[in-house]
Amino acid sequence: MDSVPKLPIGEWVERIVEALGQHKGILFDPIAIIISGMVTYFTEVLAAIPSVILILLFGALAWVFGGRSSMFFTLLGLFLIANLGYWDETVETLGLVIASALLSITVGIPAGIACARSDTFTKLVMPLLDLMQTMPAFVYLIPAIFFFGLGEVPGVIASVIFALPPIVRFTNLGIRQVPPELAEAADAFGSSRWQKLMKVQLPLAKTTIMAGVNQCIMLALSMVVIAAMIGAKGLGADVYRAVSQVDIGKGFEAGLSIVIIAIVLDRISQHAKQKERKAL
Amino acid sequence: MPKMTVRQLTKVFGKQPQAALKLLEQGWTKEQIFKETGQSIGVNQISFSVAEGEIFVIMGLSGSGKSTLIRLCNRLIEPTTGSVQIDGEELIGMKPAHLREVRRRKLGMVFQNFALFPQRTVRENIEFGLEIQQVPHGLRQEKAREALALVGLSEWENAFPDQLSGGMRQRVGLARALANNPDILLMDEAFSALDPLIRKDMQDELLELQLTMKKTILFITHDLHEALRLGDRIALMKDGRFIQVGRPEEIMTDPADEFVKKFVEDADLSKVLVAKHVMKRAEAITPDKGARVALQLMMDNGVSSLYIVDKKRTLLGLVTAYDVSLAINTGESLETMMKKDIPSVGPDARLNSLFPLMADLHVPIAVVGEERRLLGVIVKGAVLGGLVGKVNPQQGAEVMPHGFRA
């Protein structure tokens, strides 16, 4: 083994990152502007709504999508967060999560559709998705900071990298699971590919895709603490601060708030599974 | 011109279809080609044509290639080689947009497992084809309702497919195919997933609809009875080839080989054979010949009854030996002595419909054609003979009434 010289993979990556960094302004500034604009927008909209009304709105959503017990949990949980004094941070976290999830969905669903259409594309994309899910977040945070600086933007990028794969996978799976006879029926009646996608495949894959969306939201939320380490605001920042100050009480309160948000978002985004009609 | 013509249609499954095709042209069998190249021949150089308004049934066991064949006809599966023409227009090699147009306007399809869209209501399912053609909403609804009424499911338009029984689901499948008003219906084992009784109802319904619709139908089945009931012509398929193509009674009475013979042995002949296949020459006489001639004729032919016909061979009545001897003794004419109320059937009456008639009668059944012209007679022995495969070789040939010489 020793006779083979070490492959300079690390150097290569460094050189690529440096090369990209020289054109930082053109390549990454537009992305940074879009992402930070999205986060600011969602955070400000949510912050503009009085907390009581926002909590009641979430309660209503939980009732419509999850039923009565989900509604009670949502109301109790969110009022508890407000009572503990973490409401502003919660809103910041929600802004971050919504922006990350939305970006992942916008990229992930078309990518998933492309995978379902082409086996070759799937073979190319799948290892990349594995890489995105298993590569430790800190590793790509370093270049992300290099390109985007500190703050919420690299946080969102990290969240998207982590939360994107399930959307692609579930969309691909959902479309491939559409019974072949139904796809055939669509073809037999003379559908174009677009009509088949919109009228047959996506409606039938909806439940599976929604499971992917649910996963995506959960994973985006799980990144808030890591995002906080590079300067993103929100509940993650409180957890991070509590850890660095060894403040057990504060750490638990902020952690509990994240758990509550996670359960609320989960209940709301899981709805589609119950309203499914079974394929014949 | 036939509505649909298929020539030398072949489908090779595998990665080197051209290699397999070459061997096929050199006369290799399917098994040899599979051994040599690993390519599997799904459909092997099939040719046929279907006339407008005809029901053409393709029958075969599973794995015979029949489902592949029907999918080659609308290119749901891309043929390896061959030709499919509809109204003289070649489908193979047609541009995708043009092919979509043909599928929309000319081809309706009904699937074995219904293939209804679960998230759409019954009406929305039926509207699907029209929606694809971007027919305006109002017109679409109207046409969908018409199609629903055709299959008798009007009150179910807002139900979802999972709320319907199997038979109802396939009615929706049929209505969906009909809503586009296509010329050709491709029916892939359309009734195979249904219970036997429901299946029979659906067959009847299809035949009844066909009386008014006059669609050209390509019907796939593995059920011989279904093929015999529905088919104007039947093709028997095995290993990707047609073994025999013919009218139902031809297949039943004259199987091309052992395979077909085995297939038809299980079939109930009484449902296939009709009166003209088993009828015998009818002994008949015009009334002016008189009672003595009639008696002589009966004795010559060893029969105990005689039909009375006029010069146009129209059936007038029947006299028995007793009637004739009575006429001789009393001097009455044959016309006054004959029984006018005698049983008769058309030449296309199925044998199984004759059983109830035969059970109650002691006289034979007359077979009459248009304007009650006497064609022949059915005696009990002939029906039984027909059931064990002895069929009148002159199949439907007219039988001249005896004693009637023009």
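**View 1. The salt bridge between B:Arg71 and A:Glu184**. In this predicted model, B:Arg71 forms a salt bridge with A:Glu184, and the closest N and O atoms are 2.5 Å apart; a salt bridge here is a side-chain nitrogen of Lys or Arg within 4 Å of a carboxyl oxygen of Asp or Glu. The count between chain B and chain A is 2 salt bridges.

**View 2. The interface of chain B with chain A**. Here 30 residues of chain B are in contact with 20 residues of chain A, contact meaning heavy atoms within 4.5 Å. The area buried between the two chains is about 2300 Å², of which carbon and sulfur atoms give 60%; buried area is the accessible area (1.4 Å probe) that two parts lose on being put together, summed over both.

**View 3. Helices α2 and α7 of chain A**. Helix α2 (residues 24–48) and helix α7 (residues 137–148), both of chain A, pack at an angle of about 100° with their axes 9 Å apart, which means that α2(A) is roughly perpendicular to α7(A), a term that covers angles of 65 to 115 degrees. From α2(A), A:Lys24, A:Phe28, A:Ile31 and A:Ala32 meet A:Phe146, A:Phe147 and A:Phe148 of α7(A). The residues of this contact divide into 6 nonpolar, no polar and 1 charged.

**Notes.** Residues are numbered from 1 along each chain as its sequence is written, and chains are lettered from A in the order in which they are written. Local features need pLDDT of at least 70, side-chain atom pairs count only at pLDDT 80 or more, and totals for chains, interfaces and linings use all residues, while side-chain values use heavy atoms, with hydrogens and water left out.

Technical notes: Axes fitted to C-alpha atoms, helices over the stretch in contact; angles between N-to-C directions. Helix = DSSP H or I, 4+ residues; strand = E, 2+ residues; numbered from the N terminus. Parallel < 35°, antiparallel > 145°, perpendicular 65-115°, else oblique. Nonpolar A, V, L, I, M, F, W, Y, C, P; charged D, E, K, R; others polar.
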